[in-house]
Amino acid sequence: MNIVVLAGGISTERDVSFSSGKMVTKALRNKGHNVIMIDVFLGLKNGNENLEDAFERCESLSVNVKEITDKAPDIEAIKALRKGDSKDFFGPGVIMLCKMADVVFLALHGENGENGKVQAALDLFGIKYTGTDYLSSAIAMNKSMAKKFFEMNNVPTPKGTTVYKNEDAYENALKIGFPCVVKPCSGGSSIGVYIINNEKELKEGLEASFKYDDVAIVEEYVKGREFSVGVIGRRVLPVIEMAPIEGFYDYKNKYKAGSTIETCPANLSDEITKQMQDYTLKAFDALGLTAYARMDFLMDANNNMYCLEANTLPGMTPTSLLPQEAQAVGISFDDLCQMLIDISLNA
């Protein structure tokens with residue numbers, strides 16, 4: 001197959017996306033496919049070049065990427081790299097190349113990757129892609145909306161409220177009490193997430209969170225263990241536990257090797273494991289997801305579970321959770337990437 005791996009973009013998870021894309025590209029080439037990885041925003045170096053034999057020149061057309069740092073990228077600096085008009089999200093040659101592919105593997109994360117906009121655009125061009133559709137992507141990405149769908153479908157989730165920049169956000173956030181958690185409504189990779197213990201921290205946390213999104217979620221703080229559960233098709237994978245050595249499972253602890261102890265299958269009883277897997281599938285269905293996704297959970301000392309969010313394009317980095325869960329049931333990384341394509345094409 002001729003495959004385009006879309007990565008990069010202009011979300012705060014740009015670097016994570018590149019790491020996912022690099023791994024996926026290697027895996028799919030190992031499977032014998034012709035694979036080009038491209039930065040969806042910056043596009044081809046020469047967008048007007050002849051692409052007739054593009055998939056015979058996979059390596060020369062593919063973007064070269066670096067390792068993830070422990071800091072989020074400077075998006076304004078990235079935008080400045082684009083020559084000419086930067087209002088179009090798709091860089092030079094991107095759509096043309098995607099039209100030529102048999103399928104596009106979405107290695108994008110965060111805004112304009114998981115919020116349904118790219119999926120909707122590809123639908124309009126008749127381009128096949130991996131992952132769920134535009135509508136379920138949009139619902140899952142909006143944490144406020146996803147929380148409502150969880151509540152309507154009896155999926156346990158922390159008590160919370162939605163607050164808006166410049167609209168009495170502080171006063172409304174105070175109603176949740178302390179400790180609480182503040183996070184962007186449509187963020188990812190725990191960027192802009194703050195654990196709040198008092199009024200001063202609340203003001204600072206809201207201000208910082210609003211730098212990433214004009215809407216924020218304020219939730220009750222649940223002290224407990226952190227887990228994640230993947231779904232491929234309708235197959236629920238083993239539960240994985242994430243135990244950061246310091247702090248909580250934030251951007252640094254997610255992507256810096258050695259920062260977090262990950263255990264898969266998690267050390268849980270069969271009963272608790274099944275319950276979390278059942279909630280995972282229930283959340284998957286509540287949001288109307290197809291193909292694959294990953295749900296994040298917290299569990300308190302009394303074994304009460306809380307679904308935090310759904311990840312519709314889970315990370316595929318060296319430290320990512322979905323590949324570890326798949327490995328636990330004997331699915332290699334290369335086979336996983338092929339499986340995600342096959343399931344997406346048949347969803």
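**A loop residue and its surroundings**

A: Leaving aside residues up to four places away in sequence, Phe90 touches Val40, Phe41, Arg82, Ile95, Val118 and Ala121, where contact means heavy atoms within 4.5 Å. The model is a predicted one, in which local features need pLDDT of at least 70 and side-chain atom pairs count only at pLDDT 80 or more, while totals for chains, interfaces and linings use all residues. Residues are numbered from 1 along each chain as its sequence is written, and side-chain values use heavy atoms, with hydrogens and water left out.

Phe90 lies in the loop between helix 3 (75-80) and helix 4 (94-100); helices (H or I, at least four residues) and strands (E, at least two) are DSSP runs, numbered from the N terminus. Phe90 counts as buried because its relative accessibility is 13%, the scale being under 20% relative accessible area for buried, over 50% for exposed and partly exposed in between, with a 1.4 Å probe and protein chains only. Ser19 stands 71 residues from Phe90 along the chain, and their C-alpha atoms are separated by 20 Å.

Three strands form an open sheet in the order 2-1-3, with parallel pairing, two strands being paired if DSSP finds at least two bridges between them. Strand 2 (34-39) and strand 3 (103-106) stand at the edges with a single partner strand each, so one side of each is left without a neighbour in the sheet. Neighbouring strands here are turned by 25° against each other on average, direction ignored; axes are lines fitted to C-alpha atoms, for helices over the stretch in contact, and angles run from 0 to 180 degrees between N-to-C directions. Strand 1 (residues 2-7) runs parallel to strand 2 and is joined to strand 2 by six bridges, and Leu6 has Ile38 of strand 2 as its bridge partner.

Two helices lie across strands of this sheet. Helix 1 (residues 14-30) lies across strand 1, strand 2 and strand 3, running at about 170° to strand 2, whereas helix 13 (residues 333-346) lies across strand 1 and strand 3 at about 120° to strand 3.

The packing continues in the nonpolar cores, each a set of buried Ala, Val, Leu, Ile, Met, Phe, Trp, Tyr and Cys residues joined through side-chain atoms within 4.5 Å. The largest has 57 residues, and those with the most contacts inside it are Val4, Leu6, Leu97, Phe105 and Leu106. This core draws at least three residues from each of domain 1 (2-130) and domain 3 (223-345), the bounds coming from an automatic or database domain assignment. Leu97, again not counting residues up to four places away in sequence, touches Val4, Ile36, Ile38, Leu44, Leu51, Ala54 and Phe55.

Just after helix 11, Gly288 takes a positive phi of about 70°.
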